[in-house]
Amino acid sequence: MRQVHYYPALVISESKTLLPEGKQIARGWRAVHLGEGQEQLTLTWHLQEDQLKQAAGQGSRLRISIALDYRDAQNVDVILCQSNERIGVIDIRYAYVFQPFELLLTEEQTAAVLNEGVRLELIGGKEPLWVFDAHDDVTERVLFAPHLLIGEPDSRVDEALNTMLSLSSLQPFGWMEGCVLDGLHSLQPILGEERVNPILDLHFSQFFNEQGDLLYEDLHGQQADGTFTTIEATLPLAVIAKYRRDHPVILKALEFFEAAGRRNGGAVIDEDMVTAEGSYTVAYPLAVIARQFNRQDMAEQAIAQILLRRDCLAREQHVFLRYHRKSQEHTFRSWARAFAWYCLGLVKTCIELNDSQFANLAGMAELEAEIIRIAQVAVAWRQPDGLWSCFLDDATTGIDTSGSAGISAAFALAASRQLLPNEYMTLARHNFLELSTYLTPDGILTGIAQHNAGGMALQQSGYRVQSQMGLGLWAQLYAYTRY
C-alpha cells in the first residue's frame, strides 16, 4: 500500500522580533518570525534509518504554514545550509492563518535537504511574516509545522477525506472555517456520525471554551472574543445550530443579525455594502435557525436576505460580489466565488425552509425560480474542462477550483432535492472528478484563487494557492453527489 509521510523539521530561530501591536497568534499555538539576517529560520531533519529508507529516492514538498495574517507579496528563499545553494522560492501573497505554502523538490533536492538542512530567508518585506513553529503534539498539528511531505497514496480522494476528518482542515473562524464545518457536517450521512462528530468537536475546541464562550482572532490577527466582526463571521452558526442546538453562541448570533438589520432597514449587511457572501453566511444560518427553533421571523428574514442579494447583485448573466448602496457601484463582476456564495446560500436556504413548516412562505417560489435561472446562467460560462475561471466572463484569469467546487456543490445539492434537473447532478459528478486531480498527495485542494485581500490585481493575476477552505467546498461536493 502506497502512503504519504510527514517529516517534521527541527526549527531553529534566533529572531527577537515581537508580534505587531494588537496582533496575536491563534490560541494554543506557537509561531516564529521569518525575515533576513538574524531573522532567518533554519530547518533540519534527524531521521531514523527506517525513515531514511522510506524517504530515499523520492521527491517531496517542503512546507510552512502562516501563523499571522500577511498583507504583503514576497518570495521566501530556500537555501541549503552547507552548500549555500538556493534551491527555490516559496511565493507567498496575502496569506491567512493556517494556510500552507510549499516548494516542490526533486529527488536530489530532497536528499540534499535531509542531509544539509535549509535556511529560509525573506528579504525586504513590508509586513512581518510569522509561520507556525513545531509543536509537541506533532501528530495532531503536523500539517502546520514546517515539514517535508514525501510519498504518494493509493487514493488522493481518500487522503482528502482523512485530512478533512482531522485538525489539518482547520481554518480561521468565520467564512473559511464555516466552509470546512459545512463540509464536515455534509459527510455525516456518508461516513457516519461516529466518525464525523468527534472532528466537529475537535474544531469547536479551537474556538470555544467549556462554557461556550467564543474565543478567536479575526482575519487581521486581532482578538475578537465574544463578537462577530462582520457578516462573514457567522457562517459557522449554520452547523452549530444543527449540531449543538443549545450552544450559547446562537443567541449572540441572533442579536448580531437583529442589530445589523435594525441599522440598515432590514438588510443584514456591513455598513452600506450588499455582498454575495451574505447569501451563504447570513441567509443560510438564519434558515437553519428558523427550522431548528421554529422561528417564522427568522425564516422570513432568511428569504429577505436572499432576495436582497438577487435584486442588488444578479444582473442578467452576471453576479457581482459587492454592491455599495450609497454610490450604487458594483464590483468583482462574475467572480467565481461570488457565484459560489450566491448559489450555495440560495440552495441551502431553500432546502432548509422546504424541510420546515415554512415551505409555503411568500418568496419561496421566487427562490426556487432563481435556483433554476442562475444554474442556467452558470452552465453557460463553463470552460472546456467543465470548471469555471476565476472571473467567469474572462477565461484568461484561469480556473479557480474553490469557486468551481462551490458552484458544483450547489448544483449537486439542488439536483438531489429535485430543485434542478438530473443533468446538473451529472455535471457535478464530472466536476468532482476534475477537481480531484487538483488534490495534493495528502489531500489538500490546490488551484484556488487567494482570498481577495490583494484586490482585483491579485485575482486577475493567475496566482493560485492551496486551502482547506477550498477542501471544505470539495467535501460538500463529494457528499452531495452521493446523496
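## Salt bridges in the model

The structure holds 21 salt bridges. Keep in mind that this is a predicted model. A few of the bridges are worth a walk through the chain.

Start with Arg-63, which pairs up with Glu-102, the closest N and O atoms sitting 2.8 Å apart. That pair ties together distant parts of the chain: Arg-63 lies in strand E5 (residues 60-65) and Glu-102 in strand E8 (residues 100-105), 39 residues apart.

Arg-63 has another partner too, Asp-442, again with a closest N–O distance of 2.8 Å. Here the link spans 379 residues, running from strand E5 to the loop between helix H15 (423-436) and strand E18 (445-449), where Asp-442 sits.

How accessible is Arg-63? Its relative accessible area is 0%, so Arg-63 falls under the 20% cut-off and counts as buried. Asp-442 is buried as well, because its 1% relative accessibility is also under 20%.

Now for a pair in another setting. Asp-297 and Arg-295 bring their side chains together in a salt bridge, 2.8 Å from N to O. Asp-297 is partly exposed at 36% relative accessible area, and Arg-295 is partly exposed at 25%.

Here are the accessibility values side by side:

| Residue | Relative accessible area | Class |
|---|---|---|
| Arg-63 | 0% | buried |
| Asp-442 | 1% | buried |
| Arg-295 | 25% | partly exposed |
| Asp-297 | 36% | partly exposed |

Finally, which residues make up a salt-bridge network? Lys-242, Arg-291, Glu-352, Asp-355 and Arg-417 are linked in one.

Methods:
Residues numbered from 1 in each chain as written. Predicted model: local features only at pLDDT ≥ 70, side-chain atom pairs only at ≥ 80, totals over all residues. Heavy atoms only, no water. Salt bridge = Lys/Arg side-chain N within 4 Å of Asp/Glu carboxyl O. Helix = DSSP H or I, 4+ residues; strand = E, 2+ residues; numbered from the N terminus. Buried < 20%, exposed > 50% of the residue type's maximum accessible area, 1.4 Å probe, protein only.
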